[in-house]
Amino acid sequence: MVALRFYTVEMSLPCLCPCPSSPISLSLCSPRYNLLNTTSKRLDSSRNCRTLRISCSSSSTVTDQTQQSSFNDAELKLIDALIGIQGRGKSASPGQLNDVESAVKVLEGLEGIQNPTDSDLIEGRWRLMFTTRPGTASPIQRTFTGVDVFTVFQDVYLKTTNDPRVSNIVKFSDFIGELKVEAAASIKDGKRVLFRFDRAAFSLKFLPFKVPYPVPFRLLGDEAKGWLDTTYLSPSGNLRISRGNKGTTFVLQKETVPRQKLLATISQDKGVAEAIDEFLATNSNPAEDDYELLEGSWQMIWSSQMFTDSWIENAANGLMGRQIIEKDGRIKFEVNIIPAFRFSMKGKFIKSESSTYNLKMDDAAIIGGAFGYPVDITNNIELKILYTDEKLRISRGFDNIIFVHIREI
């Protein structure tokens, strides 16, 4: 048997406040598609997990009352606008950037915490969810911020220490370690923090000592200095919007809501089955929920996947690409094969019981330009929706395989 291989997007990650130019940059793969196989340990040890790496910057209204109270409607609109954006903004479409910018401006016009730099709520570790990428971004920013498999944090400690600091941390993994770039900080006014970078080092798990990051901060002069304005700090202290002296906008969170945690786990490709179980236990109630198959274009980002003999069989079983749901009971599986060629399989769906649909797929073709080449395939699939909202769907389909889809805008 041949393992089905799948596409994984690799992209290039930043400091959260404008960083000085660095004489070196880490070597990373340029953005391209690579084939990859991983294994789901919990859903079925004999199955391969199919993962499309996406930005872990997404969320929505959740059922947990504590989570709902942590974010107001305007904040949730911004969090929802981040869903599906890769590379923390690096690969965002113009429409996505416009939605994020609009949501940011709404929040900046609202009354958040007054004088945020004087508030204890700004203290602590913040996770970077999104950043714009102006042409003045430093090599550090260009190298690290767009890589979803890394996690980027900003530590802000202004009042609870005798050594006020703002530090940017790039966490490569629990097993490799992190890069920490530190700056001495001072409060200028109720919104602005002044900083000067003065040290940086790699802390690697396999070395008993830190490796200095070779940036001569003392010789950089004004290039090592900057400022960061906090333009919105949520009353809960869980969401922050900041703008830097190089024109960069940052969206950061302290508390990530359940859907963000799930998508972050998928993007890091570790413990996905466990994360799905945890999410479903918190956010769905099979005894009460009757989920509908919502119309729209749904891109698959993960599946617990069986080995099959050919890609066309995987495509016909909905194990690749996207599902397009139409309101009149029609459904289509669509997979891009190579540029200008795609596999398409159409069919119909009917609801058989609560949250469960029968799919009959019987119109398949390989399409190139204006021409179609029929393929003789017929499939009958039962699709059970385990959870869905306007942006995310978790379902169980062919051969009890679990799917995670996100709705495309």
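Visitor: Is Arg-165 buried or exposed?
Guide: The model is predicted: local features need pLDDT of at least 70, side-chain atom pairs count only at pLDDT 80 or more, and totals for chains, interfaces and linings use all residues. Numbering starts from 1 along each chain as its sequence is written, and side-chain values use heavy atoms, with hydrogens and water left out. Buried means under 20% relative accessible area, exposed over 50% and partly exposed in between (1.4 Å probe, protein chains only). Arg-165 has a relative accessible area of 9%, so this residue is buried.

Visitor: In which strand is Arg-165 found?
Guide: Helices (H or I, at least four residues) and strands (E, at least two) are DSSP runs, numbered from the N terminus. The run that covers residues 165-173 includes Arg-165, and its name is β7.

Visitor: Which residue has a side chain joined to that of Arg-165 by a polar contact of 2.8 Å?
Guide: A polar contact is a pair of N or O atoms within 3.5 Å; within protein, one must be able to donate a hydrogen and the other to accept it, and residues adjacent in sequence count only if both atoms are side-chain atoms. Contact in general means heavy atoms within 4.5 Å, and the residues that Arg-165 touches include Glu-182, Ala-185, Asp-198 and Arg-199. The polar contact of 2.8 Å joins the side chain of Arg-165 to that of Asp-198.

Visitor: How many salt bridges does the count come to?
Guide: Side chains of opposite charge can pair when their charged atoms come close. The rule asks for a side-chain nitrogen of Lys or Arg within 4 Å of a carboxyl oxygen of Asp or Glu. By this rule the count of salt bridges comes to 21.

Visitor: What is the distance between the closest N and O atoms of Glu-292 and Lys-351?
Guide: Lys-351 is partly exposed at 32% relative accessibility, and Glu-292 is partly exposed at 40%. The two form a salt bridge, and the distance between their closest N and O atoms is 2.8 Å.

Visitor: What is the relative accessible area of Glu-334, which meets Arg-322 in a salt bridge?
Guide: The N to O distance between Arg-322 and Glu-334 is 3.8 Å. Arg-322 lies in strand β15 (residues 322-325) and Glu-334 in strand β16 (residues 330-338), so the pair ties together parts twelve residues apart in sequence. Arg-322 is buried at 18%, and Glu-334 is also buried, with a relative accessible area of 11%.

Visitor: Which residue has a side chain in polar contact with that of Ser-297 at 2.5 Å?
Guide: Ser-297 lies in strand β14 and counts as buried at 18% relative accessibility. Its contacts beyond four places in sequence include Arg-322, Ile-406 and Glu-408. The side-chain polar contact of 2.5 Å is with Glu-408.

Visitor: Which residue caps the N-terminal end of α2?
Guide: Helix α2 (residues 73-81) is mostly covered, with seven of its nine residues buried. A side-chain oxygen lies 3.1 Å from the backbone nitrogen of Ala-74, and that oxygen belongs to the capping residue, Asn-72.

Visitor: How many residues are in the largest nonpolar core?
Guide: In soluble globular proteins, nonpolar side chains tend to be buried together. A nonpolar core is a set of buried Ala, Val, Leu, Ile, Met, Phe, Trp, Tyr and Cys residues joined through side-chain atoms within 4.5 Å. In the largest one, Ile-276, Leu-359 and Ile-394 touch the most other members, and the number of residues is 40.

Visitor: What is the volume of the largest cavity?
Guide: On a 1 Å grid over the protein atoms alone, a cavity is a set of points where a 1.4 Å probe fits but cannot get out, and lining residues have an atom within 4 Å of a point. Grid points are joined across faces, edges and corners, and a volume is the space filled by probe spheres set on the points. Val-156, Val-193 and Arg-240 are among the residues that line the largest cavity. Its volume is about 40 Å³.

Methods
On a 1 Å grid over the protein atoms alone, a cavity is a set of points where a 1.4 Å probe fits but cannot get out, and a pocket is an open set with protein on both sides within 12 Å along at least five of seven lines; lining residues have an atom within 4 Å of a point.
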